[in-house]
Amino acid sequence: MNTEIIKNIEKLIGTVKEWNKLDEQGWTSEVYKVTTNTGQYLLKSSVDSRYREWLKTEAGVLEQLNRHDEIPVPTYIGFFEVNNASHLLMSFEPGVTLTTALKLTNDEQQRKALVKSFGEFLHQFHEQNPVGMEFQGNWLEGRLHKAQQYVENGQSDGTLALLQKLKANLPSPVQQTMIHGDCTTDNVLVVNGKVAQFIDVSGMAIGDPRYDEALVIRSFKGKTNLETAFYLGYKRYRLADEEFRYFDDLYEFF
């Protein structure tokens, strides 16, 4: 971590005493735990243009959500750009990702309880009235438009042929709700044995809740016991197979 970055950090949260890179997180960013004379914080830094865009969006989402307390997310501290990179500073939250929690136990009942709590957590989130976010039209249309940009710029694993298929076979519309937008086991924290907080919220918006649900089920495909446990907690809607395939394909672009 260079001197210029440290100067920007210290303007926001005091004298830096220690920083440690976290290996568990960091596919799109490098992630550091930063300790200062005022406490412990999390710093995310991105250099790729697409991931810098996502990080800036995440900063805006956190800043909006921190005006409310209905949705458990880290506290926004600040965002700055230094040395052709973007940096987001937020509170450091206790807990481990659900991915890690599932790896740390071989107890089948405990694993199912963790996944059921994920279902309950997501159910409650989708049932909320939109809070702190502006309605910006049809979410799926916006995602398909963004996917087109990524394909044209060579920034996606998805293909033009797959995108055309998605555009030609739109699912029946449903009521839009608050969604996380990247709702995987990597992006929720477990505290005291239950899923308790969202992280990595750049995709959080008013959108199609089936997208969140599909990304969860994607994690548990082939593990019928865990998929069943999820639906013991998530009771508002169960994806049809064709809906799962649609939103699973959409995820290829992001």
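Trainee: Where does Asn83 lie?
Mentor: In the loop between β4 and β5. Strands here are DSSP runs of E, at least two residues long, and helices are runs of H or I, at least four; both are numbered from the N terminus. This is a predicted model, where local features need pLDDT of at least 70 and side-chain atom pairs count only at pLDDT 80 or more, while totals for chains, interfaces and linings use all residues. Residues are numbered from 1 along each chain as its sequence is written, and side-chain values use heavy atoms, with hydrogens and water left out.

Trainee: What is the phi of Asn83?
Mentor: Near 55°, a positive value in a residue other than glycine. Asn84 sits in the loop between β4 and β5 too. Its phi is also near 55°.

Trainee: Why is Asn84 called exposed?
Mentor: Its relative accessible area is 67%. The scale is: buried under 20%, exposed over 50%, partly exposed in between, with a 1.4 Å probe and protein chains only. Therefore Asn84 is exposed.

Trainee: What is the strand order in the open sheet of five strands?
Mentor: The order is β1-β2-β3-β5-β4, with antiparallel pairing. Two strands pair if DSSP finds at least two bridges between them.

Trainee: What makes β1 and β4 edge strands?
Mentor: Each pairs on one side only: β1 covers 16-21 and β4 covers 76-82. The twist averages 25° from one strand to the next.

Trainee: How do you know that β3 and β5 pair?
Mentor: Count the bridges. Strand β3 (residues 39-46) and strand β5 (residues 85-91) share six, in the antiparallel sense. The threshold is passed. Ser46 stands opposite Ser86 in β5.

Trainee: What packs on that sheet?
Mentor: Helix α1 (residues 3-13) does, touching β1, β2 (30-36), β3, β4 and β5. Its direction makes about 155° with that of β4. Helix α2 (residues 49-65) lies across β3, β4 and β5, at about 30° to β5.

Trainee: Why is α4 called roughly antiparallel to α7?
Mentor: The axes of α4 (residues 108-127) and α7 (residues 209-220) cross at roughly 175° and come within 11 Å. Axes are lines fitted to C-alpha atoms, for helices over the stretch in contact, and angles run from 0 to 180 degrees between N-to-C directions. Under 35 degrees counts as roughly parallel, over 145 as roughly antiparallel, 65 to 115 as roughly perpendicular and the rest as oblique. So α4 is roughly antiparallel to α7.

Trainee: Which residues of α4 meet α7?
Mentor: Val115, Phe118, Leu122, Phe125 and His126 do. Their partners in α7 are Pro209, Asp212, Val216 and Phe220. Contact means heavy atoms within 4.5 Å.

Trainee: Which residues touch the most other members of the largest nonpolar core?
Mentor: Phe198, Met204, Phe230 and Leu250, out of 62 residues. Such a core is a set of buried Ala, Val, Leu, Ile, Met, Phe, Trp, Tyr and Cys residues joined through side-chain atoms within 4.5 Å. α2 gives the most to this core, with seven residues. A second, separate core of twelve residues includes Ile6, Tyr32, Leu43 and Phe80.
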